[in-house]
Amino acid sequence: MEAVFNSAKRACYAGLDSIALRREIAQRICTAVPFDSYAFSTCDPDTGLMNHTVASGVPESLAKTYVEIFYPTVLARLSIDLARDGRKVLSIADQPPAARRAIRRAGLQQQLHVIASANGRLWGTWCLMRGRASEAVTGRDYNLLNRLTPHLVRGLQSAALIDRAISPDPADRDAAGVLVLDRRNRPLLRTGATTAWIEDLSDIGLRMTENVPLAIIALASQVRAMCDERGFEQQLRARGRSGRWYTMRASLAEPDASGECAVVVVIRPALSQEVGRVLTALYALSPRERQVIAAVARGEATKTIAEALGLSPHTVTEHIQRACDKIGVRGRKALIAKLFFDGYAPALKTGRPTLADAARQQRAQKTA
């Protein structure tokens, strides 16, 4: 157990991208905590909704039932609430009765649900499931996963930053796609750009029949569950397999002749400014640091920020410096570029030049 824990812990700090990290953790843990299938999802920290899944051995029917009925309306909030109480690993007994029955109908008898949460924000969930013939879950299983979870959270946060740094820059950041889903979440209509975006957002190890990612099904299901709230719209940020971030907005269409409502989902590559909010959480900026940095991004002077927040200019400067230290940059311009414009994203292990490198190269060529 100790060797497996140390091996999985090392993977959390190995600089892996999100998909590689989840696969590597599952492979290393399974030698000590056996499972027949798993679904390992990253989540939007603001909504708790899953935004990408890596899975193995999960029946399509169970996956769809889980995200359509249980997860968006019950389990996402349950995961966040229990994590605030210090719970990191749930058993099948912690699931709603209907969810337990659905899991067992799929031939799975036991489930361990790992909650990767920090400071009230849900960064990921990992469901490990066992069939009827498998060994019973033991206290050693719980202990190992509980010890690993804080490292897993930091690994997921680091992986999200790595995904952001190596993601390709869309040719057209304003290109949006529209996907219309019927009441069974089957596509009724999709526009040209949608196919490419959905392919990038598709889950790993779980290909749905209609080729609609679990994240979109969960998003549409939550909108339907909130249909009593007039004009309700839900937004979700998600990373694709390429590392590119997307913004998805879902809302109910007008009822048809039979009274059924389709869900309209608008998908587009996220603007850097939109990703900035997630990045401030990934870098663990404090609420006050986020306030100050948002004001800096608006171009406000230190004195103006100090007066607005009731702080001294010296304190504002300290907040900016601490944010720079956490993010690993020097100065206001580099800080804003890192968070909102991605101009200083590291090339990491890809060997590709950053945008800043490209700009310097162009200036050098003009000078020559």
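Contact here means heavy atoms within 4.5 Å, and helices (H or I, at least four residues) and strands (E, at least two) are DSSP runs numbered from the N terminus. The model is predicted, with local features needing pLDDT of at least 70 and side-chain atom pairs counting only at pLDDT 80 or more, while totals for chains, interfaces and linings use all residues. Residues are numbered from 1 along each chain as its sequence is written, and side-chain values use heavy atoms, leaving out hydrogens and water.

In H1, Val4, Ser7, Ala8, Arg10, Ala11 and Cys12 meet Leu21, Glu24, Ile25, Arg28 and Ile29 of H2. Helix H1 (residues 2-12) and helix H2 (residues 18-29) pack at an angle of about 175°, their axes lying 9 Å apart.

Next comes the sheet, in which two strands pair if DSSP finds at least two bridges between them. Its 5 strands form an open, antiparallel sheet in the order S7-S6-S10-S9-S8. Strands S7 (187-190) and S8 (233-239) stand at the edges with a single partner strand each, so one side of each is left without a neighbour in the sheet. S8 pairs with strand S9 (residues 245-252) in the antiparallel sense over 7 bridges; Ala238 has Tyr246 in S9 as its bridge partner.

Finally, helix H7 (residues 214-225) has 12 residues. Of these, 11 are buried (under 20% relative accessible area, with a 1.4 Å probe and protein chains only), so H7 is largely enclosed by the rest of the structure. Among the buried residues are Leu214, Ile217, Gln222 and Arg224.

Note on methods: Expected span 1.5 Å × (residues − 1). Buried < 20%, exposed > 50% of the residue type's maximum accessible area, 1.4 Å probe, protein only. Axes fitted to C-alpha atoms, helices over the stretch in contact; angles between N-to-C directions.
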